[in-house]
Amino acid sequence: MAHTIKRLSVEEGLFAVFLTALAFACLAIAAKAVDGVMAFHATVGLIFSALGVFLIFNAYFKRPADVDETGYNLGPIKFASVAAMFWGIAGFLVGDIIAWQLTFPALNFDLEWTSFGRLRPLHTSAVIFAFGGNVLLATSFYVVQRTCHARLPGRVSPWFIILGYNAFIVIAGTGYLFGATQGKEYAEPEWYADLWLTIVWVAYLLVFLGTLWKRREPHIYVANWFYLAFIVTIAMLHLGNNISIPVSIYGIKSYQLFSGVQDALVQWWYGHNAVGFFLTAGFLAIMYYFIPKRADRPVYSYRLSIVHFWALIFLYIWAGPHHLHYTALPDWAQTLGMTFSIILWMPSWGGMINGLMTLSGAWDKLRTDPVLRMMVVSVAFYGMSTFEGPLMSVKAVNSLSHYTDWTIGHVHSGALGWVGYISFGALYCLIPWLWNRKKLYSDRLVEWHFWVSTLGIVLYITSMWVSGIMQGLMWRAYDKLGFLEYSFIESVEAMHPFYMIRALGGLLFVLGSLIMAYNLWMTIKVGEKAEVDAADPSLVPAE
């Protein structure tokens, strides 16, 4: 009887060699590190690299010789979905802690590791890149396989992307707590973390393109276009904004290539388009797949989705300078950013209308399906945020709103309402599909999550709108002699009740996410199994 010979694939061998070399490099850097943070991060890199080599060979020895790899690859998606929920709760909790710190500064505890200055970038990165990034990885890998009827290429590559990305999150997050930062909004990690993310992101692009190349459907579904725009543009932004020269490969310190107003312009080209492509284009891809799927209705207008796509990606890239009104940036550049921001209102609302009108003939489902309701409300928040954003880019409005809590309210109406709710809806859909469950453990818990979180968002954003406008008016108030009517500390004092309301709203949002985590955990543990195995494409009807 002939036996099938089991061999290590070329891909597995190359990754094993790469991770082994990386482990030795990390060991050498840890031994010669000139600061404690670099020594710690090199040790973390050594552990992750060695773990990666172990996982490759462990999977090889456990794999049967005649293993069937014709179905969808759901393992990495499962990991990213669970990681998204973990990082989400952590990020929301840290955000609420710093909201209470702003209300009661004694909660900084006079410790550098727990100070607002270190926890704030930890919060933003945990929510945007750890929670949002894992949601995007999970949904993009799921959607591209299902809509192309093709398996992700490679045994190791999808796992390398998911685990490598989360290794980046660990290195970046611990770096913030230890004070390792470039000091650039949304681009805080130091040079070595940026270099690692570049490697992971290139692998992500290649795997995504490889799946599209292998597709058995001639048509590329619109969600995949939005995912592709997100992946390519974030790569371009990351490379452009993080060009830095390290002082030594054995230390964390580096110097940016750009300086002065050029550095500010590149930073806000990056910062605004991180919002535009990481937090908008990627999550619009989620909207274009999960809302039609949940509503069991086709996209309202495929033509509008194409117009939406091309208009959005061509216009968004120019809007960054509106963050630099009344600065040293040339006035023409400020005006250009404002102009493109105002024009952006049209394609943004085109996408919102397309998402909402997809429910034509299915509006009654909003009464009985809280998951669909959450996703539809997210699209409404998207419409509200993309109206408020262009409004705030107008110089006359920006002179009042900039540097105030109004901006914080605007950001969180989009972050919590749009990104948060569409992510929650996608995870509520994904978990039963991935673990082959008929339905969620409890729709009643989804209802509780929806209403508790919605109340939290409303408290948060309304308190920040009021406090922000009050701040702006107090800062520009003059008495009859031409002196400032209020000192800065008086404006801070006036904010205290609104900061209390914001912290309470954030607490409700955290509570909602805990309800969701329990619901998803119980779905996996005790949910009733579905009759059709979602991992087998031969049993899945065409999308």
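In which helix does Arg146 lie? Arg146 is part of helix H4 (residues 116-148), where helices are DSSP runs of H or I with at least four residues, numbered from the N terminus. The model is predicted, so local features need pLDDT of at least 70 and side-chain atom pairs count only at pLDDT 80 or more, whereas totals for chains, interfaces and linings use all residues. Residues are numbered from 1 along each chain as its sequence is written, and side-chain values use heavy atoms, without hydrogens and water.

Arg146 has a relative accessible area of 8% and is therefore buried (buried, under 20%; exposed, over 50%; partly exposed, in between; 1.4 Å probe, protein chains only). The side chain of Arg146 makes a polar contact with the side chain of Tyr142 at 2.5 Å (a pair of N or O atoms within 3.5 Å, of which, within protein, one must be able to donate a hydrogen and the other to accept it; residues adjacent in sequence count only if both atoms are side-chain atoms).

Helix H16 spans residues 488-526 and contains Glu490. Glu490 is partly exposed, because its relative accessibility is 36%. Phe509 is also placed in helix H16, but this residue is buried, with a relative accessible area of 3%. The C-alpha atoms of Phe509 and Gly420 are separated by 9.9 Å, and the two residues are 89 apart along the chain.

Leu111 is located in the loop between helix H3 (75-103) and H4. With a relative accessibility of 38%, Leu111 counts as partly exposed.

Methods:
Helices (H or I, at least four residues) and strands (E, at least two) are DSSP runs, numbered from the N terminus.
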